[in-house]
Amino acid sequence: MKEKVYKELLLQLGGLIEGETDAVAVLANTAALLHDMMGDRFFWTGFYIARGDELVLGPFQGPIACYRIRCGRGVCGTAWERDETIVVPDVEQFPGHIACSSLSRSEIVVPVHDRTGRVAAVLDIDSRDLAAFDDTDAHYLNRVATLLSPVI
Ligand code: SME
C-alpha cells in the first residue's frame with residue numbers, strides 16, 4: 001500500500017521537477033506533494049538547508065518549526081553530520097532530539113546531496129505515531145532525494 005503511494009509520488013515528482021531550476025520552488029512543491037499524498041501519516045514534512053555550520057529551515061508543510069539546527073544536533077544535525085538516513089521509532093529515545101512539536105513521536109531524516117555529492121539539505125518527516133517509518137520509507141525517500149540532487 002505504502003509502496004504504491006511512493007511509486008505514484010515518484011512519477012509525479014519527476015514531472016514536477018522537470019523544467020524548473022529554482023531550488024526553493026522545487027523543494028516547496030516536493031514538501032507539498034509528499035505531505036498531501038501521505039495524508040495523516042506525515043505530521044510535518046520539510047527541508048532544512050545547509051548554510052555554514054547550521055541547518056536553516058526551508059520549505060515545509062505542517063506546524064511552525066525551529067529556524068536553525070547546528071551540525072551534530074538533533075536528528076537533522078546528526079543525519080547531516082554523518083551523511084546518513086536516520087529512522088527514529090521513538091523520538092524520546094533519541095538523545096538530543098529537538099522537539100519542535102510535542103505531538104511528534106517518530107521521525108525520519110534523509111540527506112539530500114547536490115551534484116558534487118555534498119549534503120546540501122536534509123528532508124525531515126515527523127509522525128504523530130510511534131514507529132511510523134521503516135526501510136520502505138527510507139528507500140523511497142532516498143529516491144526522492146536523488147531526484148532533487150540536480151536542482152538543489
Ligand atoms: N526533530 C528535529 C527538529 C526538526 S522538527 O522535527 C521539524 C530534530 O531533532 O532534528
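Q: What is L141 in contact with, leaving aside its neighbours within four places in sequence?
A: Contact means heavy atoms within 4.5 Å, and by that rule L141 touches Y6, L34, I108, V110, L123 and I125. Bear in mind that this is a predicted model, where local features need pLDDT of at least 70, side-chain atom pairs count only at pLDDT 80 or more, and totals for chains, interfaces and linings use all residues. Residues are numbered from 1 along each chain as its sequence is written, and side-chain values use heavy atoms, with hydrogens and water left out.

Q: What makes the 30 residues around L123, L141 and L148 a nonpolar core?
A: The term asks for buried Ala, Val, Leu, Ile, Met, Phe, Trp, Tyr and Cys residues joined through side-chain atoms within 4.5 Å. The largest such set here has 30 residues, and L123, L141 and L148 have the most contacts inside it.

Q: Why is helix 3 called mostly covered?
A: Buried means under 20% relative accessible area (1.4 Å probe, protein chains only). Seven of the nine residues in helix 3 (74-82) are buried, including C76 and W80. Helices are DSSP runs of H or I, at least four residues, and strands are E runs of at least two, numbered from the N terminus. Strand 1 and strand 5 are among the elements that cover the buried residues of helix 3.

Conventions
Buried < 20%, exposed > 50% of the residue type's maximum accessible area, 1.4 Å probe, protein only.
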